Amino acid sequence: MDSSSDRSLVVWLAVTVLVAICVVFAKNLGPLVIYPDALVLPVTDPMNTAMRWFVVTFGWFFKAISWLLDWPILLAKSLLHAVPWAAWFVLWIYLALRAGGRGLAIFTAISLMYMVTFGFWSQSMNSFALVVVSIPMAVALGFALGTWGFLSDRAYRIIMPILDLMQTVPAFAYLLPILLLFGFGTTVGLVASILFAFPPMVRNTIVGLRGVPDEVIESGLMSGATPSQLFWRVRVPTAQRQILLGVNQTTMASLSMVIIASIIGGTNDIGWEVLSTMRKAQFGESLLAGIVIALMAMVLDRITWGFAVQSSPTKRGAAGWIICAVLFGAAWLLALLFPPFKDWPEAWVLNPAPAMNAGLEWIFVEFRTVLEAIKRAALFYLMLPIKIGLSQAVSPFTWGFAMTPAVTTGYSLIVAAVAAYFSFKGKLLPALWVILFALVLYSGLTGLAWVALSAVIVALAWQAGGKNLALWALAGVAFLLLTGIWEPSVISLYLCGVGVLLSFIFGSAIGTWASENDTVSRMVRPVIDTLQTMPLFVILIPFVMVFKIGEFTALLAIIVYAIVPAIRYTEHGLRNLPHDVIEAATAIGTTPRQLLWQVKLPLAVPSIMLGLNQTIMFGISMLVITALVGTDDLGQQIYIGLGDGDFGVGMTAGIGMAIIAMIADRITQGFSQQIQARLGVKLNESL
Amino acid sequence: MTFSKTLKPALLASATILLGQGTALADPIKIAVNEWTGQHISAHFAGALFEQLGHEVEYVTAGAVPQLAAIAEGSLHYQPELWTNNVGDIYPKAVEAGDIIVVGGLGLEPQEGWIYPPYMAELCPGLPAYEALYDCAQAFAAADTFPDGRLITYPADWGTRSADLVDLIDLPFKPVPGGSEGAMLAELKSAVAAEQPILMMMWQPHWVFAETDVNWVEWDTPHGTCDEASQKRGEACGFQQATVDKIVAKDFATSYPDAMKMVELMNLTNDVQNVLILEVDQNGREVKEVVAEWMGANEDVWQPWVAAAKQ
């Protein structure tokens, strides 16, 4: 046995002993179990004071920006509304045709018809005005910052952590400061949207520019290019695909902010429609409005993606554009003669919402007992044990028996036996982990002393990424403790932990199935696309109606969203394996089952681990949404900060979520690299 | 939407910002519009009254917290129906700082308390008296609260009044924060549709009572003023009732003296609002049309206000 695993053994032994002491003597350790309030630093007040000073001193500057940003939005809105929908229709379908051919054109036509016939056109255009203005600005900002980060290493080191923070701090947390600085109205939504949408552009620009092969640069230099020519004529065109991918992701991020922009208000847009109907608990109505945002996102995604992957964008030349312009004019003319082509009459609007509501009601009335049984099983046998531990979750009402000393002894004996089996086989570390896991499960995450839980987190970080990561984790844990948000953080950890675990299990199973079966794949694709682009508020109402307010509903909401990357990356990983390996394996006569388990899955591990990583990120970002169904995690703290106009409270909670996300990210990446090193596979960075 | 109509106010607003002034006189009056029908009616009623005085009016959608920030800085002028029960500390802070002026109550008489559907009276015969809840907590229990009853309270960011009351009077109920208004209503709708037990903190006037029949839990002393912090079993008064305020921006009175006078006079009662809400939500008519129709039939109510404001 080498020295590094010896050290692991010592570290984990120490942690296990510490946790064991904390579990056994939980009642006698006082401040070591529950973090004392006296040791919480009063950070929120100074934060508020600083913010107030900042607003008073520099407020005029931000108000001026806000005033400037008003103009492009006004212009976009006027333009989008002045042109009849029929004319826009022609233009969009032509764009879709060029970007992705007939299929995409048909999809675009259906999407636009949906907006028109369901009576959402004018609101959609209000939302679209915001998106249309925010995308170019975010792209320009992102490209500029990305170029700077590419040119200067120091800038790179400053930019990257800020990007990490901006993408992990939930948008709700910076809603209040944006409001204070920029005032009120559509502009604020625009600022929020730009702030959220530019980071992917920066990342892709840097990756793209860095990835330009040296030979290309050399040949550019040899033909005597000036530095600026070298940049604009050589580097940027070579990196075009990656940069356009950034544009595509910026587009998606900007659309996902439509709802947040509506929370601030200022325009009667589609996000406002979703929020209003959700507030009235109108399931059908809110779903219909939510689908509009999903459709917009999918159309824009496919079109920008289509242009991004096209090698020579000017294939069909001017003739197509001329035909398009003629048809555009004709449609406009038609709208002047025949008004429904401009303003769809109220009487023609389709409204299936009442039927949808009735359908949902039928489900939760008819299947009440089944649904209730599912919820109970999940609560009693999975969620409560992890949250409050077996010591409290096991009761005659839940499990049918009480956690008597005899039962506890039996539990300890089983654990001891499993641990003994592992150590007998020479696997001492797994044996320790079994004991540790059993201890944590016995006391539950919320019952575990803060000292013990912190030790486990830091040890995990050490195992995954060495001393540096352990120090980072320690600093993060210290932040959560010192700012007094430890308890909601633990609840967040529990909800996300269970959510991610289930998402990953089910998601990778579905992904594997979809990779083996084309029909399944075709059915899964539109569903996960919709889940990813639809405003998640919409999902909450039916879940609450079926499963009631509480943590189970919150868990389902997390799973529905976080399962998407798990499915996507697993399928992608399994479908994009080197052909020669698969052929070689088939040639030596492996059965399909062997091929999957012994060849494909190990090879796809890098991609699957990336999916796990994204699943964690998605799960954490859902915490703000789940607070709307009554959980008391960090998301709830953000709402409390917002409702009280307390910048400090909201921001510490937001940073707390970012810290949890980043530590979880680094830990999974660390383990992923270790597994990859052991299996000898590497990620091809096509994702 | 024409260019001139949208650009003019923006131009004016920009001019005033450049000059460092507050609000220009020719600006339209901006009225906050929230997410529920009752408020839409109040807002459009106010708007129609301002139009009688010859002002231009603009309706601006705004969320609960952002609208306060907007009124405090003057980019929104008037909110006729502000519920003081579901805004956090940001509201009293802004009022105290003088950024928001409270003009008085709208005239709506809100009631807050715990509601239950009528079929629960069969399972818990002592209702509506709160004393009955001590014995039939299990009738209200759910898997995650058993053996205690389940009480859905306001979302955590609206305060903890129900939870405090449960503690004070030692009721065997577990308070579960509702998370959001939408979630609370979804829960109520589904419980009533499936005839399942539910006990929930709620307020009225609210549109949901037009379609759902509920009863209110009664306390020892009938509702009105109530010192919430000093209650105990046998001497419970429930909740201090919320108020519904008319609030304006701080320089509203100087910019629009006649409109300010109108704000002071304007009044809307539960009965009127409930009738109009029903017309909009059940019969699917436009808010504007319904308000105009009511105003046409009740000129004697608001004509004197217009006359007084014009003086």
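**View 1. Residues 124-304 of chain A in the predicted model.** The end C-alpha atoms of this span lie 19 Å apart.

**View 2. The side of chain A that touches chain B.** In this view, 51 residues of chain A are in contact with 48 residues of chain B. Elements of chain A that give two or more residues to this side include helix H6 (175-182), helix H15 (353-366), helix H16 (368-388) and helix H29 (634-643). Helix H2 (44-82) is also one of them, and H2(A) gives the most, with six residues. By class, this side of chain A has 26 nonpolar, 14 polar and 11 charged residues.

**View 3. The fold of chain A, with 30 helices and zero strands.** The C-alpha trace spans about 85 × 65 × 60 Å along its principal axes. Chain A has a radius of gyration of 27 Å, which agrees with a compact globule, because a globule of 687 residues would have a value near 26 Å.

**View 4. Burial and contacts within chain A.** Of the 687 residues in chain A, 48% are buried. Among contacts between residues at least 6 apart in sequence, 80% join residues at least 24 apart.

Note on methods:
Residues numbered from 1 in each chain as written. Chains lettered and ligands numbered in written order. Predicted model: local features only at pLDDT ≥ 70, side-chain atom pairs only at ≥ 80, totals over all residues. Helix = DSSP H or I, 4+ residues; strand = E, 2+ residues; numbered from the N terminus. Rg over C-alpha atoms; globule rule 2.2 N^0.38 Å. Buried ≥ 20, exposed ≤ 12 C-beta atoms within 10 Å, placed from the backbone. Contact = placed C-beta atoms within 7 Å. Nonpolar A, V, L, I, M, F, W, Y, C, P; charged D, E, K, R; others polar.
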